[in-house]
Structure formats: structure tokens, C-alpha cells
Amino acid sequence: MAVTLSERAAQHVTNYLAKRGKGVGIRLGVRTTGCSGMAYKLEFADETPAGDEVFTSHGVTVFVDPKSLPYIDGTELDYAREGLNEGFKFNNPNVKNECGCGESFNV
């Protein structure tokens with residue numbers, strides 16, 4: 001499988017990287033935290049992280065560390081606007097349940 005971006009998410013990342021003036025893509029992973037066990041971490045990558053899995057989606061390079069990949073394999077990263085809120089949304093087929101605030105999940 002792979003980690004992918006929707007067209008909206010890819011456009012948002014591309015625009016942000018252009019504004020920053022640097023960066024080779026984004027790095028997606030998970031960390032242990034929250035009431036359900038894990039939370040996503042998303043950061044811009046200025047260089048290719050050694051040992052990461054590399055995916056390309058709609059022209060954007062996505063890096064995933066090997067420890068996180070089993071938890072997020074098959075995930076699509078979307079960018080959504082809902083009312084006054086906007087941000088990235090993780091469509092992860094591995095999630096069994098999420099906490100009420102939506103900040104953490106478990107698989």
C-alpha cells in the first residue's frame with residue numbers, strides 16, 4: 001500500500017512549500033500520546049530523511065518513518081475546510097477508534 005494525498009492536500013502543501021522557499025516534501029508519522037494511544041505528526045521535510053519510506057502523490061513527496069508505516073499504511077491525507085476551521089484530515093483505514101476530541105487514535 002502507500003500513503004497518499006488528495007488533490008486539495010497536495011495543492012496546499014505545494015503552495016506552502018513555495019511560500020517557505022525551501023523543502024522537499026512532507027514527513028508523516030505517529031507518536032505515542034493522547035487518550036487513545038497515538039497521534040499523527042506532520043512536518044515539512046527540508047531534506048530526505050535517511051531510512052524513510054518515500055511515496056509521491058500528486059507531485060508531492062511524502063516521507064514516512066519505518067516505525068510509523070504499519071499504523072498509517074493506506075492513509076490518505078486530505079485538506080478540508082469546515083465552516084471557520086480548516087486543516088489536514090487523516091483518512092486512515094487502520095484506525096479502530098478515536099478519542100472524542102479527535103486528537104488521538106488506536107489501531
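Which residue forms a salt bridge with Asp-46, the closest N and O atoms being 3.8 Å apart? In this predicted model, that residue is Lys-22; a salt bridge here is a side-chain nitrogen of Lys or Arg within 4 Å of a carboxyl oxygen of Asp or Glu. The pair links distant parts of the chain, with Lys-22 in the loop between α1 and β2 (25-33) and Asp-46 in the loop between β3 and β4, 24 residues apart. Helices (H or I, at least four residues) and strands (E, at least two) are DSSP runs, numbered from the N terminus.

Asp-46 also meets the side chain of Arg-20 in a salt bridge (2.9 Å, N to O). Arg-20 belongs to helix α1, so this pair ties together parts that are 26 residues apart in sequence. Asp-46 is partly exposed at 40% relative accessibility, as is Arg-20 at 30% (buried means under 20% relative accessible area, exposed over 50%, partly exposed in between; 1.4 Å probe, protein chains only).

The whole structure holds 6 salt bridges, and one of them joins the side chains of Asp-78 and Arg-8 at 2.8 Å, N to O. Asp-78 sits in strand β6 (residues 76-82) and Arg-8 in helix α1 (residues 7-20), so parts 70 residues apart in sequence are tied together. Asp-78 is buried at 9%, whereas Arg-8 is exposed at 53%.

Residues are numbered from 1 along each chain as its sequence is written, and side-chain values use heavy atoms, with hydrogens and water left out. Because the model is predicted, local features need pLDDT of at least 70 and side-chain atom pairs count only at pLDDT 80 or more, while totals for chains, interfaces and linings use all residues.
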